[in-house]
Amino acid sequence: MKPRLLADENTSHRFVTACRRIAADFPIIHISDWKAGAWLSAKDPALLMTLREAEMILVGFDRASIPMHAGVLTREGLGHAGIILFRRSVSAVAYGKQARALVDFWSEAMDWDWADRIEYLPRS
């Protein structure tokens, strides 16, 4: 399984584990496990550009800065590979709820064109 989703450093390994309990081959990896953790604490624009090259979608909670940086990259013509953010209604420690929301959503969204797309879970 090639990961398509990257859980950012503000998510827990427990979230990734919960996703894989629901779907054993779920294509997610935690940022600390990706490239030997080299991108932990990276600046958002650099991470988004690297994920664009790797064709990986960022999953996380950073509703404050990630959408802003993604918008700048898109306006500059650089773009990003896609972002999935959890809404405030999803607790950062509700790993099961996070996992169910993402796995259910991904079954519908995996074939979408993710270039410059931002989605929020749960969907309204």
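Tutor: Start with how angles are taken. Axes are lines fitted to C-alpha atoms, for helices over the stretch in contact, and angles run from 0 to 180 degrees between N-to-C directions. Helices (H or I, at least four residues) and strands (E, at least two) are DSSP runs, numbered from the N terminus. This is a predicted model: local features need pLDDT of at least 70, side-chain atom pairs count only at pLDDT 80 or more, while totals for chains, interfaces and linings use all residues. Residues are numbered from 1 along each chain as its sequence is written, and side-chain values use heavy atoms, with hydrogens and water left out.

Now the sheet. Five strands form an open sheet, in the order S2-S1-S3-S4-S5, with parallel pairing. Two strands pair if DSSP finds at least two bridges between them. Strand S2 (28-30) and strand S5 (118-121) stand at the edges; each has a single partner strand, so one side of each is left without a neighbour in the sheet. Neighbouring strands are turned by 25° against each other on average, direction ignored.

Look at one pair. Strand S3 (residues 57-60) and strand S4 (residues 83-86) run parallel and are joined by three bridges. Val 59 has Ile 84 in S4 as its bridge partner.

Next, the helices on the sheet. Helix H2 (residues 44-54) packs on the sheet and touches strand S1 (5-7), S3 and S4. Contact means heavy atoms within 4.5 Å. The direction of H2 makes about 135° with that of S3. Helix H4 (residues 95-109) lies across S1, S2, S3, S4 and S5, running at about 145° to S4.

H2 also meets another helix. The axes of H2 and helix H3 (residues 66-75) come within 9 Å and cross at roughly 60°. That makes H2 oblique to H3. Angles under 35 degrees count as roughly parallel, over 145 as roughly antiparallel, 65 to 115 as roughly perpendicular and the rest as oblique. On the H2 side, the contact is made by Asp 44, Pro 45, Leu 48 and Met 49. On the H3 side stand Ile 66, His 69, Ala 70 and Leu 73.

Last, H4 has a helix partner. Helix H1 (residues 13-22) and H4 pack at an angle of about 55°, with their axes 8 Å apart. H1 and H4 are therefore oblique to each other. H1 brings Arg 14, Phe 15, Ala 18, Cys 19 and Ile 22 to the contact. H4 brings Tyr 95, Gln 98, Ala 99, Arg 100, Leu 102 and Val 103.
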